[in-house]
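Please open the structure in your viewer and keep the selection tool at hand. The stops below are meant to be taken in turn.

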Amino acid sequence: MTTPPERIVVVGASLAGLAAAHALRERGFAGRLTLVGAEPHRPYDRPPLSKQVLRGLYSADTTLPCHPELRAEFRFGQPATRLDLAGRVVECEDGSRLPYDRLLIATGTRARPWPNPAEAALAGVFTLRDRDDAERLGAHLRTKLQRVVLVGGGFIGFEVASTCRDLDIPVTLLVRDAVPLAAALGPRLGGLIGEVAREKGVDLRLESEIERMEGAGGRLTAVILKDGERIETDCLVAAIGTLRNVEWLDGSGLEADAGGLRCDAFCRALRADGRVAEGVFAAGDVARWPNPHDDDALVAVEHWGNARAQAETAAANMLAGDASAMRRHDHLPDFWSQQFGLTIKLVGLTEGADALAVVHGSFKERRLVAAFGKGGRTVAAAAIDSARWLPAYKAAIRERAPFPPIENAVDQPRIRVQEP
Amino acid sequence: MSGSTLFDQILDPANRANPYPLYAELRKIPVARQEDGTYVVSTHAELARLISDPRISSDDLPDPQKFRWTGHPVTDLLVRPVRAEIRKRHPPFIFRDPPDHDRLRGQVMRCFTPERVRGMRAKTQEITDDLIGKMRGKTQIDLVDDFSYPLPVTVICELLGVPAEDEAQFHGWATQLATALEPNRRSDEETRAKNEVCFTEIADYLQGLIKEKRKDPQDDILSDLAIDREGMNDFDLIATAVLLLVAGHETTVNLITNGMLTLLRFPEHGERLRAEPEIAPRLIEELLRYEPPVHYRTRLALTDIPVAGITIPKDAPVIFLLAAANRDPLRFPDPDRFDPDRPDNRHLGFGGGLHYCVGAPLARIEAEVALISLVRRLKGVSLTEDPPPYRPGASLRGPRHLRLALEGVAEE
Amino acid sequence: MKVVVDLNRCQAYAQCIYAAPGHFALHGREALVYDPSPDETARGAIERAIHACPVRAITAYPDAADATAGEAR
């Protein structure tokens, strides 16, 4: 039995870090609790940034609620720069050293920058990840824009496109792949969302990439596509993925790279030699962990629900004493997206799925549940405006039910198994 | 308990006042098969799961030829006596599955706007004040007859757009249809005949009213439904209006009466509500857990459903014993304690899934206004009999009378 | 106040919209949008929304008094 911790440091003051802090206190941790955040803000919520915040609905202040008696010491605008595993100390940019008994690494990700730095520096070229990004982009959207060009076929790109259409701004959405959102939803559902986007006036270009940008006086004026077409624009948002914030762990001895910080089933960080780093845990977007729902294949899940759930598991295990009292992180990945008036929800992971069946509603109604199968088992389910059926499918996925999982159900079309 | 199943004992009016020990017995088997082939679900985890399971249907409309009492009061009431057309093809949406359910319910929800529902708060307060005012000078009241009964029916009439001059008639129908709910499974021929007549009357009346609303629409739900261009046909409209009247009436009577009964049984909570009316929302949620207005609902298994180690077979009636799940110690620590400060109170008092109570926001407003006003204005109030007499119904369970002794009525 | 809704858990029961209509809304059939930072005067309405949510997806706390209120034991 290890001694109970007296001093816990959480590096990363966003959703996962704050959730861990709450969970630690709820579980009775009374010692010193420090949260270190690179950004100058209190922990805030990111999902609204690409939606209501950009649109200017309600307040732009998405600071997360914090229990009045959390009794945590926050250090904002203070990135951690080095981890000394042997000395059990985190070093910050200002040179301060924070000793810990238990450490939670929840440094998350940042937006992947536009690869050409000169183009990225043009006024009118944005990425969207942080509160400050949203504030800048939001202000720009409110200046009568000619056209917004969005680069990236993922959810952020589509959500921003939806927001722009709500604001009646012309939008061109450039997707490198033949189908949008295919990585998460598969080609069929991705194609459906693409169709909806087009109906709402998005100029959706598939298999389309930017060759170069044009600027005048340091401002973006146009983009030239690989096929030679020139599109005049005064705003470009690059939503081309994320990079994990692991650089500060270089030389620490932890197993961390672009794929994330490797941890075990109990959220314990692993060293390069595969041993557990005593007292060090990881949660949220930065963590790469064995997913029990996918035969322990390693996965890093960049979703809100995982950040909270993994932080709670990590917090419990930080206080658990020895490994026999720890619980495994068995969260079933889930996420939601709101765009073009639709709510898309997904549970499970569609990667590698070889079958899809619409189990409620229909593509035509744009209200449906689709189940995904892999090797005859149910691995994921997506709902469009049908959230109340999803828990039943979530249970089926947890149980690895045969595919298709639920037959002879209410509002169920004749089940036709197709390629995803 | 020889010869009678636990669920039979629950249906026995002798156990109406306190069915909770029976529920605790039932929970020992989360999904329990009864002798007649029905399956009773009584634990929170299993119920929460099955209530959103698409293999469970609400479309339990029995074949009229083979009609048998389902033990499902609203079914027994609405389905049996309504005119053939409504019975065959236009049951109210509480007895329908998607997509029809979603369409009809969606149309109601479009009229049941937050503004309109919140607008009922002032009206509810006005009716409440009026009813409490009438208690002045009395030393004995029956909360059910003097308060809990008249309040919701007046509110629903106002919301639907029943003209004030017809309200008394509407009260009568509501009372008749509600009385018919009482003889659970044992409705006598006379009551059934009365209800058929009553339904025909109310249907005729509503048909006339709908015609008027179409000619001269007002700011009310019936007008909105009647003039909705993608709206429902008259049969659906009548079925919906009767559903709103009956389902929204009896349940609210129970909520208010059970509320006052609970506050008088645990006076410290009544005292706290008087001093801190802002706790009303959480107190009412706890009330919905502790003494829910609807104790069970009946559904149908569309296919074999494996759950809790057994399989519910295709076509089996499934009874969701909401009130038992609400007292499940695995979900609610110390479940028999009334505790408004209970965290994460995910009770099933309004059901759940697609059929979650449409009228929940209105019921919350009515209960809040009623209970706060009652604890503030009734002076020296006490129960004169405990337990009170209950109506025989086991599903829509509530006191038939709640006789209270009063010392006085405070001014508003 | 600060408010967050777990939209994985939300099933669009819309009870919050009745409880606090100025602070929660549906844009579409199920897309809930809400005010993450309502004024302190909205406390009563927000509390109603928290308790009325059938899946208890809403969390709210008062604004933090001091951004760096530290604590040691």
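This is a predicted model: local features need pLDDT of at least 70, side-chain atom pairs count only at pLDDT 80 or more; totals for chains, interfaces and linings use all residues.

Residues are numbered from 1 along each chain as its sequence is written, and chains are lettered from A and ligands numbered from 1 in the order in which they are written.

Begin by selecting residues 100–111 of chain B, which form helix H6 (helices are DSSP runs of H or I of at least four residues, strands are runs of E of at least two, and both are numbered from the N terminus). Its end C-alpha atoms are 17 Å apart, which agrees with the 16 Å that its 12 residues should span at 1.5 Å a residue, the expected span being 1.5 Å times one less than the number of residues. Within this helix, B:His101, B:Asp102, B:Leu104, B:Arg105 and B:Gln107 are buried (20 or more other C-beta atoms within 10 Å of their own, with C-beta atoms placed from the backbone).

Next, select strands S4, S5 and S6 of chain A, which form an open antiparallel sheet in the order S4-S5-S6 (two strands pair if DSSP finds at least two bridges between them). Strand S4 (80–84) and strand S6 (97–99) of chain A stand at the edges, each with a single partner strand, so one side of each is left without a neighbour in the sheet. Strand S5 (residues 89–92) of chain A pairs with S6(A) over 3 bridges, and A:Val89 has A:Pro99 in S6(A) as its bridge partner.

Finally, show chains A and C together, where the contact takes 32 residues from chain A and 27 residues from chain C (C-beta atoms, placed from the backbone, within 7 Å). On the side of chain C that touches chain A, strand S1 (2–5) and strand S4 (58–61) of chain C each supply at least two residues.

Technical notes:
A residue is buried if 20 or more other C-beta atoms lie within 10 Å of its own, exposed if 12 or fewer, and partly exposed in between; C-beta atoms are placed from the backbone. Two residues are in contact if their C-beta atoms, placed from the backbone, lie within 7 Å.
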